[in-house]
Amino acid sequence: MADTVLYEVSNGLATITLNRPEAMNALNVATKVALREAAEEAARDTAVRAILLTAAGDRAFCVGQDLKEHIGLLAQDRETGSGQTMSTVGEHYNPIVRALTGAAKPVVAAVNGVAAGAGFGFALAADYRIVADTASFNSSFVGVALTGDSGISWTLPRVVGPSRAQDLLLFPRSIGAQDALELGIANRVVPADELRAEAEKVARKLASGPTVAYAAIKEAVAFGLTHSLEETLHKEDELQTRAGQSEDHLIAVQAFVNKEKPKYLGR
C-alpha cells in the first residue's frame, strides 16, 4: 500500500488516513489505489469492528481528484484515443464507496478540513461524520464541467433532500461546518484541535460495541430508503432474528439483568 494512505488496526478499530497533506490530500492514481485497498481490507477483516476515515494535515480532508495529474492523463487520452482517464470512477471511486457503505461495521469520518468533490462523497459514505469547526464541504464537480460521482448523487439527496442536493450540485459553494451541521451533513462539530481525539473516542466506542447490531442498522436504513414499509418490516424481522441470535445479544441481556456493563465480542 502506498504511503499516500496509512492503514492501522488497533483493538478492533481500522484507521485509514489520507496522507498527502502537501497536496490537500488530492487523489492521484496511487492514492486512489491505496485507499481502495485499505477500505476493502477494513471491510473484509472480521477482526475490524469499526473504521475511522481521516486525513493528515489541517487544511483538507480531501479535495477530490488531483487535477494536476488529471490534466496530463487527459492529454495522453487525446493522443492515444484510449479514454482511460475517466475509468477511474468505476475502477477506484465506486469500489471505495461500496466498501465503506457495505462494510458490516460502522464507519466514522473525521473531517479535518476541506472536503470537496470525491472527498465530499467519501465523507457522505461514512455512517457518522465528526467535523472540525474549521472544515467545509463543496460539491465542486460542475466547476470542472463534471457530474457527481463517489456516490454523491445517491447520498447527498438522502442527507439534505433532493431539492437542496440539486442546489448544492448545480451551484457549488463552500458549506461551513455549522451550516453542514444544520443540513445534516455533519453529525457533530468540534474544535479543530479536538477533532482527532473526539473521532477516535467515538470510533473506539463503536469498535467495542455490538457489531452485528450495528451492521443490521446500516443494512436496515439503506434498505428502507428504497423499499416500501411492508418490505422494510420484513427486512427488520430478518435482521432482528440475526441480531437476536448473536452472542452479543445474550451478553447484553445477561449484563442488563446483572446490572453490569456488557463486554461485547462483536459476534
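In strand β9, G176 is the bridge partner of S136. Strands here are DSSP runs of E with at least two residues, helices are runs of H or I with at least four residues, and both are numbered from the N terminus. Two bridges join β8 to β9, and these strands run antiparallel; two strands count as paired if DSSP finds at least two bridges between them.

Before we go on, a word on the model: it is predicted, so local features need pLDDT of at least 70, side-chain atom pairs count only at pLDDT 80 or more, and totals for chains, interfaces and linings use all residues. Residues are numbered from 1 along each chain as its sequence is written, and side-chain values use heavy atoms, with hydrogens and water left out.

**The two sheets**

The strands β8 and β9 belong to an open sheet of four strands with mixed pairing, in the order β4-β6-β8-β9. Its edges are β4 (60–62) and β9 (175–176); each has a single partner strand, so one side of each is left without a neighbour in the sheet. Helix α4 lies across β4, β6 (114–116) and β8, running at about 100° to β6. Contact means heavy atoms within 4.5 Å. Axes are lines fitted to C-alpha atoms, for helices over the stretch in contact, and angles run from 0 to 180 degrees between N-to-C directions.

Another open sheet has six strands in the order β1-β2-β3-β5-β7-β10, also with mixed pairing. At its edges stand β1 (5–10) and β10 (188–190), each pairing on one side only. On average, neighbouring strands of this sheet are turned by 20° against each other, direction ignored. Inside the order, β3 (residues 50–55) and β5 (residues 107–111) pair in the parallel sense over three bridges, and L53 has A109 in β5 as its bridge partner.

**Rings that meet**

How many aromatic pairs does a search of the whole structure find? There are two, shown here.

| Pair | Geometry | Centre to centre | Between the planes |
|---|---|---|---|
| Y93 and F122 | edge-to-face | 5.9 Å | 65° |
| F120 and F137 | tilted | 5.2 Å | 45° |

Rings of Phe, Tyr and Trp (its six-membered ring) pair if their centres lie within 6.5 Å; planes under 30 degrees apart count as stacked, over 60 as edge-to-face and the rest as tilted. Y93 sits in helix α3 (residues 88–102) and F122 in helix α4 (residues 118–125), 29 residues apart. F120 lies in α4 and F137 in strand β8 (residues 136–138), so this pair ties together parts that are 17 residues apart in sequence. Y93 and F122 are buried, and F120 and F137 are buried too. Buried means under 20% relative accessible area, exposed over 50%, and partly exposed in between (1.4 Å probe, protein chains only).

L169 lies in helix α6 (residues 162–170) and counts as buried because its relative accessibility is 18%. Leaving aside residues up to four places away in sequence, L169 touches S139, V142, I152 and L156.

In helix α11 (residues 247–257), the residues D248, I251 and A255 are buried. Seen down the axis of α11, its buried residues fall within an arc of 60°, so they line one face of the helix; the arc is that of the directions from the helix axis to the C-beta atoms. Helix α9 (211–224) is included in what covers them. The face of α11 turned away from its buried side carries the exposed residues F256 and V257. Just after α11, K259 takes a positive phi of about 55°.
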